[in-house]
Amino acid sequence: MMLTDFNAILLTLKLALVSTLVLLVLGTPLAWWLARSHWRYRFLVDAAVALPLVLPPTVLGFYLLLAFGSGGLVGLPTLAFTFTGLVIGSVIYSLPFVVQPLRDAFVAVGTPPLEAAATLGATPLQAFFSVVLPMARPGFLTATVLGFAHTMGEFGVVLMIGGNIPGETRVASIAIYERVEGLDYAAAHELALLLLALSFGLLALVYGLNRRARVVSG
Amino acid sequence: MPFPAYHVLFYMLLLCVGQADAAELRVAVASNFFLPMQQIVSAYEQQSENTIKLSIGSSGKHYAQLQNGAPFDMFFSADSNKVYLLEQQELIIPGTRFTYAIGRLALVSMEPENDAGAELGVLTQRAGRIAIANPMLAPYGRAAQQTLQQAGLWEQLQPRLVVGENASQALQFVASRNARFGLVAASYLSMPELSFAYVWLIPDSMHEPIIQQAVILRDSPVARDFARFVSGESGRAVITSYGYHLP
């Protein structure tokens with residue numbers, strides 16, 4: 001395998017890792033709010049979070065390209081063609097895959113354990129970290145793996161805003177696409193197979209862990 | 001209520017009659033040639049019963065699809081290499097390969113750059129990203145690379161290049177103001193919704209000619225007729241109006 005293709009795989013893993021971390025940090029409070037809030041217009045937020053599930057990635061990529069470009073009008077450097085730009089795109093693109101499992105896990109925890117914790121003198125923050133987090137562990141596992149895997153499979157958004165820069169925005173899916181378009185089917189196969197094996201291994205690992213977690217907690 | 005079988009038969013007959021009268025041609029066309037092609041098609045459909053269905057895309061994608069039996073009657077490629085390869089694999093109708101246009105490249109910007117020097121010199125005078133099509137995939141990308149190499153700027157400008165997968169994506173990067181400059185197909189300059197503040201047509205001597213060829217993949221009188229129309233007088237008039245050279 002060519003070094004540039006290998007680097008594309010590494011970049012994909014880096015993008016998935018950074019995006020998943022950002023998603024967990026931003027997604028946890030959002031999911032918590034969605035699980036606990038009684039605001040009558042909460043459904044609008046639910047719908048907005050689910051949008052990336054139904055929108056073609058090209059729509060997202062197109063609007064990001066326009067948004068990044070319009071920053072130039074006020075003198076900001078564009079985020080298109082940068083790793084940071086890809087992280088922003090990926091966070092939006094994979095948002096429902098992280099927020100929805102977390103929200104469902106928080107809903108499943110319910111109110112009684114929190115009330116019990118409060119009775120025992122725990123602050124809400126203490127209750128969250130020592131009661132909710134352990135109980136919602138399978139949800140976090142699912143959210144992490146789905147967010148990571150979905151970002152690894154990202155293509156349309158990156159194609160629109162990436163600019164195919166090696167080491168910066170040339171991720172594996174783009175490299176595979178370029179190989180196919182360039183009629184180099186052998187190199188495309190190599191990369192695609194590696195990505196397939198990586199994705200399957202990752203999913204199998206996490207689902208395996210998740211099964212054990214369930215056995216332990218059950 | 002049961003639907004009588006002879007009704008079905010009647011409608012099927014109607015469909016057959018319709019097909020005999022006016023045929024439908026499926027044409028795969030390279031993205032840089034989409035605008036002139038639309039105009040040629042509407043001119044053609046005014047003087048003919050036949051309809052032309054266009055599929056826009058990068059020629060590499062169309063090539064891969066054609067190798068796997070995509071149902072196109074004709075293929076207008078952005079280069080000559082892919083149709084040549086199809087010919088080698090005996091996937092085209094022999095003797096139908098023809099050059100329909102010779103592409104031209106232009107340096108464009110949404111900002112007025114005229115005060116920064118002349119020609120390619122603006123690229124070194126002004127900072128900002130430079131969008132090109134992928135030199136490995138798109139003939140306009142290869143021409144852009146050759147142009148910059150011939151000007152001795154390729155190495156120097158390397159860190160500022162952003163690469164679109166095809167000619168139209170390089171254009172998107174400039175039009176959305178994410179890249180300051182673009183080396184794009186000159187055919188896009190005719191788009192009414194695009195107003196570049198700076199345009200410089202690259203001299204043909206700066207790169208190898210971008211020879212765009214077409215082929216018939218599934219033979220029919222309509223395909224032959226349309227091929228004649230494109231290389232005929234009205235086709236040629238449209239093609240030159242979009243800045244292409246004629247073969």
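Chain A of this predicted model contains 10 helices and 0 strands, where helices (H or I, at least four residues) and strands (E, at least two) are DSSP runs numbered from the N terminus. Local features need pLDDT of at least 70 and side-chain atom pairs count only at pLDDT 80 or more, whereas totals for chains, interfaces and linings use all residues, and side-chain values use heavy atoms, with hydrogens and water left out. Residues are numbered from 1 along each chain as its sequence is written, and chains are lettered from A and ligands numbered from 1 in the order in which they are written.

The C-alpha trace of chain A spans about 65 × 45 × 25 Å along its principal axes. Of the 218 residues of this chain, 45% count as buried, a term that means under 20% relative accessible area, with exposed standing for over 50% and partly exposed for values in between (1.4 Å probe, protein chains only). Among contacts in chain A (heavy atoms within 4.5 Å) between residues at least 6 apart in sequence, 78% join residues at least 24 apart.

In chain B, 5 strands form an open sheet of mixed pairing in the order E7-E6-E8-E5-E9, two strands being taken as paired if DSSP finds at least two bridges between them. Strands E7 and E9 (198–201) of chain B stand at the edges with a single partner strand each, so one side of each is left without a neighbour in the sheet. Neighbouring strands of this sheet are turned by 25° against each other on average, direction ignored; axes are lines fitted to C-alpha atoms, for helices over the stretch in contact, and angles run from 0 to 180 degrees between N-to-C directions. Helix H6 (residues 139–150) of chain B packs on the sheet, where it touches E5 (105–109), E6, E7 and E8 of chain B, and its direction makes about 80° with that of E5(B). Helix H8 (residues 167–175) of chain B also packs on the sheet, touching E5, E6, E7 and E8 of chain B, with a direction at about 165° to that of E6(B).

Strand E6 (residues 130–133) of chain B runs parallel to E7(B), to which 4 bridges join it, and Ile132(B) stands opposite Val163(B) in E7(B). From strand E7 (residues 161–164) of chain B, Leu161(B) and Val163(B) point one way and Val162(B) and Gly164(B) the other way, and all are buried. On joining strand E8 (residues 181–185) of chain B, E6(B) is again parallel, with 2 bridges, and Gly182(B) is the bridge partner of Ala131(B).

The contact between the chains takes 20 residues from chain A and 22 residues from chain B. Together the two chains bury about 1,800 Å², 59% of it on carbon and sulfur atoms, buried area being the accessible area (1.4 Å probe) that two parts lose on being put together, summed over both.
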